[in-house]
Structures are given as C-alpha cells and as structure tokens.
Amino acid sequence: MPHRRRKQFERRKLAVTASDQSTTDRVRILCVGAGNMGRSHALAYQAIPGFEIVGICTRSEASGAKLNEELNANYPTFQDFDHALKETQPDAVCVSTWPDTHAQFVTAALDAGCHVFVEKPLADSVEAAEEIVAKAIATQRKVVVGYILRHHPSWNRFIEVAQTLGKPLVMRMNLNQSSSGDAWETHKRLMSTVSPVVDCGVHYVDVMCQMTRSRPIRVSGIGARLTDELPDGMVNYGQLQVTFEDGSVGWYEAGWGPMMSETAFFVKDVVGPKGAVSIVAESASSAGQSDNVDAHTKTESIRVHHAELATDGKFAKVDEWIHLDDEPDHDGLCHREQQFFLDAIRDDNDLTDHLSDAINSMKIVAAADESFRTGKTIELNAAEPVGT
C-alpha cells in the first residue's frame, strides 16, 4: 500500500506547473495537534495553494471543532491518529503534538508512505530521533523539523554577522518564561516529557552550530526544580554550556513557571575577536512578554559593535544598527516553514544536512540534561560540523 501511494503521489508531483495547479495536484495533509503550533501550521496549509487539508486529529473533539471554526472550514476531525491516517490517506502529515508522541506518529506516517513535518524537538531522545532519520532515509520520504528561526530573515542576518566576528565566538542566549494560567498548564504538560532546556534549547544550539560551523565536543549542564507541581525527577529550570572544536563556547538558559523573573529573560548576544552582535528587541523583551509566543521570534533590531580601536585608543567605529523591513510574525514564520516543506517535497530537495543538524542539536541538549543528572561533563562524538 505505501509503495502504491508513493507512486500515485509522484505522478501528481510531476503534473504540477506554476501556472496550472488543480486540486489533485495539491499535497494532501493530515494536521495532528491543534495547540499554538498546530493552529499556526494549519493556517499556513490553508493559505498555501499547494496544500490541501484532509483532516484534523486532536486529543479532544472540542479542540478540533475550535480549529475548524477558526479556519472557517469543516475538515474531518479525529481523536485517534491511526484511524485518521487510515481514513484520510494523506500524502503528508504535520505532527504538532507533545514530544513524547513524535517518534510514534512520525514513524507510523513514514510507514504509510507520507512525508512529515514535525515540530521540534524531533523526538524526546537522541536514539528515537536517530531512528526517525533512518526511517526517513529507508522510506525515501521527506522529514522537516520545525526549526522556525531558520526561516526568519533577521535571525539569518544575526547568524551572518556573527560569522564575521572571527573565532572563537562567545554565544550567550536565554529564553525564560514567567508563565501563569493556561501557559503554565501547557508548560507543566510539556515538562512531563522533556525539560525546558531540551524543548526550547534545540532552537538556540542550532543557531550556535550555524554560527560556528564547528563540531560540538563538550557539554555541561545545571538544573533546578522550583516547584512541586512537576512529575518526580523533572526540573523547570536549566542551563547548558557547550564547547566547540574551534574554541567557541556558548550557553543557553531556560526556565518556565510563575516564579521566573521578568528581568533579562531575553538575551541573544554573540562576542568575537572583532566585536559583537546582539538582538535588541525592546518590545519583545519588556515586562509581561516572556510567555508571549509571538515575542519569542521578534528581533526588531540588530546592534553590531566593532572592536577596532583608533590610534588614540578609542573606538574607530560607532555601533551599527540593522533594521530589516521583513519582520514576519509567528504565523508568518510558520507559513514560510510550510513553504519550505512543500518545496522539499515537490523539488525533491536533499534534507540530509537538515536532519543531521536536528540530531546534532538534540545531542547537545540531551547531553546537558545528562550532565545535570550525573554531575559530569559530557564528551560528544558528533561526527560532522553542521551546515547552514
């Protein structure tokens, strides 16, 4: 069955042209999950002509109905993933569920001959992530991981400037969230599967890997349990420190909960021999914004500091400010992610580096968690430097 469906999809793909795109040419996608990310991805699928939503799978009937209402649609809804996959027979599946379900859903989708978009982290363990990548290679299906910052023009510029600062780099980043109400309930549910430094950390260590293009070799981590509202053994604060083969170092800090400070929760700063570059997001880093999903991807402006000194010993250049007109919001970034996914499917784009990078970032955050729990620094054996 998967082989026949793959052949059918390939025939549809070959029929697509820029000027003639009928309904049967579209990538038929099953949306799994209707939280913040699932909602945004569904909006993107509805807006992009190359996709056709064939179903919405959620934990409850109410959440599926709510998403249908926002989409002003009446897509079939399901509460059981296997049933949804069998009934809709999609070409692709979008997995926006809790991390501990990723491996199960992605594997089943690949076995059914589907391409997959899966939210970060790729899985809740390095071993499960590696198994997904092996399955994607074996089935020759596309798997795209939701590294949303890779599609943000300002973050790409931030990385480009960092690469001009010389080596080694010192990379400092955090994203603490003072959460309450529904946001705190969501965080508690997430922390029943992974820690904050794992869930969000993959984004920022991925950025570090792009900046250095060097092999991560050593990781240490700390963590703290600041509430008894979590399952045994889980923490809601963590920090990792990573050393790269070229001498670059980076740290990332993440904490969730009503006890977290609204001060200095948004730090995105890189220092090198030739100067520094920082994301200065005054609105996004202001009080009350730490648990605002839209604020997490905002840059607003980039400040470039030059280390060069003049003959009088003072700075030879004033700091530069970079303001990009292209500043997509959260939904806009998800739209760009899904266009990337569509292009990968239609153009048969090579995602080897994309998946290798996902494994690499997963290894770093997992090592940080292991370091905290064992009290030891973890030596990594990542084989290759990451790409862009």
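Analyst: A helix here is a DSSP run of at least four residues in state H or I, and a strand is a run of at least two in state E. By that definition, the protein chain of this predicted model has 13 helices and 15 strands.

User: What makes a residue count as buried, and what percentage of the protein chain is buried?

Analyst: A residue is called buried if its relative accessible area is under 20%.

User: Why does the distance between the ends of α5 agree with a helix?

Analyst: The expected span is 1.5 Å times one less than the number of residues. Helix α5, residues 99-111, has 13 residues and should therefore span 18 Å; its end C-alpha atoms lie 19 Å apart, which agrees.

User: Which residues of α5 are buried, and how do you know where around the axis they lie?

Analyst: The buried residues of α5 are Pro99, Thr101, His102, Phe105, Val106, Ala109 and Leu110. They cover an arc of only 150° around the axis, so they lie on the same side of α5. Just after α5, Gly113 has a positive phi of about 85°.

User: What makes a space a cavity, and how many are there?

Analyst: In a cavity, a 1.4 Å probe fits but cannot get out. Searching the whole structure gives three cavities of 30 Å³ or more. The largest cavity holds about 40 Å³ of space. The elements giving two or more residues to its lining are β8 (216-224), β9 (237-244) and α13. Among the residues that line the largest cavity are Ser195, Gly221, Tyr237 and Asp369. By class, its lining has six nonpolar, five polar and one charged residues.

User: Why is another space called a pocket, and what lines the second largest pocket?

Analyst: A pocket is an open set of points, whereas a probe cannot get out of a cavity. The second largest pocket contains about 310 Å³ of space. Its lining consists of 15 residues, with Ile137, Arg141, Lys142, Leu351 and Thr352 nearest its centre. Both α6 (126-139) and α13 (352-374) supply at least two residues of this lining. Six of the lining residues are nonpolar, four polar and five charged.

Conventions:
Residues are numbered from 1 along each chain as its sequence is written. This is a predicted model: local features need pLDDT of at least 70, side-chain atom pairs count only at pLDDT 80 or more; totals for chains, interfaces and linings use all residues. Side-chain values use heavy atoms; hydrogens and water are left out. Buried means under 20% relative accessible area, exposed over 50%, partly exposed in between (1.4 Å probe, protein chains only). The arc is that of the directions from the helix axis to the C-beta atoms. On a 1 Å grid over the protein atoms alone, a cavity is a set of points where a 1.4 Å probe fits but cannot get out, and a pocket is an open set with protein on both sides within 12 Å along at least five of seven lines; lining residues have an atom within 4 Å of a point. Grid points are joined across faces, edges and corners, and a volume is the space filled by probe spheres set on the points. Ala, Val, Leu, Ile, Met, Phe, Trp, Tyr, Cys and Pro count as nonpolar, Asp, Glu, Lys and Arg as charged, and the others, Gly among them, as polar.
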